[in-house]
Amino acid sequence: GLVLSTEPTTKHHIVAENGLSSLLSVLKSCKDDESTHACIYLLGSLAEDIEILKAIVDMDSFLPFVVQKLGAAGSIETKRSAAYFLALLSEYQECHRRLQEANALESAVALISLVDEECQYYGAFALALLAKNKSFQVPLAKMGGVRPLVSIMASKHSDARHWAALALLKLADNFNNHITIAEEGGISALLAIGNGEGGVTVANLAKRAFDDVKQKWRKS
C-alpha cells in the first residue's frame, strides 16, 4: 500500500475500490504505533491529490483521529506523518473550518513547539497558511503561536524560518495581535526578515506598542 500510494495513476484506483473506508477501519483498529504510522503515512500520500484530499476531509472521522495522534504519546515518525497531512489540508481554505472543528489549530501551534525540525517545518507551513484566514489570526496568537514562531526564526533551520516568518507577518496583519507580538520579541524577529513588507509591519507594531505603553503610563 505504501508503495502503490506513491504512484499518481493508482491513487484514484485505491479510492475507487473503497480504499479510504478500509484505511479508516484499519487506522481505528491499530494497536501499535508502527501500524498507525504506516496508515497515516499512506493517508498523507493519498492526500497529495486534491480530489482525494477533499474526499478524505468529507469523511468526518479521519481528521479528528489524525489530530488526536498529533497530541498522543506516539513516535516522532507518526507525528511527522500526521503533521504532513495537516500541512496538506492547510493549503486549502475550504478545509479550514473542518480543521478548526477538529482542534487542528492547537495542534499546529503544538507542532512548532516541538524540538523536531521536520515537525517544526510542517507546523510553520500550516500556520503560515492558516494565518491567512483572518478569523484565525487572533485565536492562533492567543493559543501561544507567537513565541515558538519567534524561536524558529532565531534558529538555523532555513526552511522552517521562511514559513515561520510568513506566519508571523500574517498574524501581524491583525491589529489586535500587535501587543502580543511585541511582548514576545516579534519586532526584532520581523526586522530580521529584511524586506519591505516586514519593515512596514514592524513600523505598525512599534507604534501600537508605544501607544499602549503611553496609555498604561497615564493610568498609573
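**Figure 1. Helix 5 and helix 6 pack at an angle of about 135°, with their axes 9 Å apart.** In this predicted model, helix 5 spans residues 62–71 and helix 6 spans residues 76–90, helices being DSSP runs of H or I with at least four residues and strands DSSP runs of E with at least two, both numbered from the N terminus. The axes are lines fitted to C-alpha atoms, for helices over the stretch in contact, and the angles run from 0 to 180 degrees between N-to-C directions. Helix 5 is therefore oblique to helix 6, given that angles under 35 degrees count as roughly parallel, over 145 as roughly antiparallel, 65 to 115 as roughly perpendicular and the rest as oblique. The crossing of these two helices is left-handed, a term that applies if the near helix is turned anticlockwise from the far one by less than a right angle, whereas clockwise gives a right-handed crossing. On the helix 5 side the contact (heavy atoms within 4.5 Å) involves Leu63, Val66, Lys69, Leu70 and Gly71, which meet Lys79, Ala82, Ala83, Phe85, Leu86 and Leu89 of helix 6.

**Figure 2. Helix 6 and helix 9 cross at roughly 20°, and their axes come within 9 Å.** This angle makes helix 6 roughly parallel to helix 9. Helix 6 contributes Ile76, Lys79, Arg80, Ala83, Tyr84, Ala87 and Ser90 to the contact, and helix 9 contributes Glu118, Cys119, Tyr122, Phe125, Ala126, Leu129 and Leu130. The crossing of helix 6 and helix 9 is left-handed.

**Figure 3. Asn133 lies in the loop between helix 9 (117–130) and helix 10 (134–142).** Asn133 has a relative accessibility of 11% and therefore counts as buried. Its side chain makes a polar contact of 2.6 Å with the side chain of Ser135, and another polar contact, of 3.3 Å, joins the side chains of Asn133 and His96. A polar contact is here a pair of N or O atoms within 3.5 Å; within protein, one must be able to donate a hydrogen and the other to accept it, and residues adjacent in sequence count only if both atoms are side-chain atoms. When neighbours within four places in sequence are left aside, Asn133 is in contact with Gln93 and His96.

Figure 4. Thr36 counts as buried because its relative accessibility is 5%. Apart from neighbours within four places in sequence, Thr36 is in contact with Leu27, Cys30, Lys69 and Thr78. The structure holds 0 disulfides, a disulfide being a pair of cysteine sulfur atoms within 2.5 Å. Cys30 is accordingly in no disulfide, and the nearest cysteine sulfur, that of Cys39, is 3.9 Å away. Cys30 is also buried, with a relative accessible area of 17%.

**Figure 5. Asn18 and Asn103 are loop residues with positive phi values.** Most residues other than glycine have a negative phi. Asn18, in the loop between helix 1 (8–16) and helix 2 (19–29), has a phi near 65° and is partly exposed at 48% relative accessibility. Asn103, in the loop between helix 7 (96–101) and helix 8 (104–112), has a phi of about 65° and is partly exposed, with a relative accessible area of 45%.

**Figure 6. Arg161 lies in helix 12 (residues 158–172).** With a relative accessible area of 35%, Arg161 is partly exposed. Its C-alpha atom is separated by 9.0 Å from that of Val150, 11 residues apart along the chain. Beyond its neighbours within four places in sequence, Arg161 is in contact with Ile152, Met153, Ser155 and Lys156.

**Notes to all views.** The protein has 15 helices and 0 strands, and buried residues make up 45% of its 220 residues. Among contacts between residues at least 6 apart in sequence, 66% join residues at least 24 apart. Residues are numbered from 1 along each chain as its sequence is written, and side-chain values use heavy atoms, with hydrogens and water left out. Because the model is predicted, local features need pLDDT of at least 70 and side-chain atom pairs count only at pLDDT 80 or more, while totals for chains, interfaces and linings use all residues.

Definitions and conventions:
Buried means under 20% relative accessible area, exposed over 50%, partly exposed in between (1.4 Å probe, protein chains only).
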